[in-house]
Amino acid sequence: MSIILRRIYDENKTLGGHRVLTDRIWPRGISKEDAEVDEWLKNIAPSPDLRKWFNHDPAKFDTFKEAYRKEIENNSEAQSKIKELKAIAKDKRLILLFGAKDLQNNHAVVLKEIIEDE
């Protein structure tokens, strides 16, 4: 299984693979043409309330991670998408794109763990 996390602002498109934007909100300053995403999965991103509460505060990451996992577990559409992403990752490289500046404490890290755990 090959899953790579990349910040969309720093992304190297030469990696190849299935490119998935995991943010609920489209990243500022990036055109849809330039992003070259295969899918934009805004419905599996954290809810607006959870995202605003977390506010990329590393001290809140463990609580955020638990709450985000619960959101995914309680969302049948998200569960279905997770299974699709896992299948994609078995056959080719899956690149999860996100806009957050913090590379270790963001929802894409949690999403990658969820896909790998499925």
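The model is predicted, so local features need pLDDT of at least 70, side-chain atom pairs count only at pLDDT 80 or more, and totals for chains, interfaces and linings use all residues. Residues are numbered from 1 along each chain as its sequence is written, and side-chain values use heavy atoms, with hydrogens and water left out.

**Exercise 1.** Find which residues touch the most other members of the largest nonpolar core.

Solution. 
- A nonpolar core is a set of buried Ala, Val, Leu, Ile, Met, Phe, Trp, Tyr and Cys residues joined through side-chain atoms within 4.5 Å.
- Buried means under 20% relative accessible area, exposed over 50%, and partly exposed in between (1.4 Å probe, protein chains only).
- The largest core has 22 residues, and those touching the most other members are I44, F64, Y68, I72, L85, L94 and I115.
- Apart from this core lies another, of eight residues, including W26 and L97.

**Exercise 2.** Describe the salt bridge between R69 and D117.

Solution. 
- A salt bridge is a side-chain nitrogen of Lys or Arg within 4 Å of a carboxyl oxygen of Asp or Glu.
- In the pair R69 and D117, the closest N and O atoms are 3.2 Å apart.
- R69 lies in helix α3 and D117 in helix α5, 48 residues apart; helices (H or I, at least four residues) are DSSP runs, numbered from the N terminus.
- R69 counts as partly exposed because its relative accessibility is 23%, whereas D117, at 55%, counts as exposed.

**Exercise 3.** Is R7, the partner of D10 in a salt bridge, buried or exposed?

Solution. 
- The closest N and O atoms of D10 and R7 are 3.8 Å apart.
- R7 counts as buried because its relative accessibility is 15%.
- D10, at 53%, counts as exposed.

How values were computed: Helices (H or I, at least four residues) and strands (E, at least two) are DSSP runs, numbered from the N terminus.
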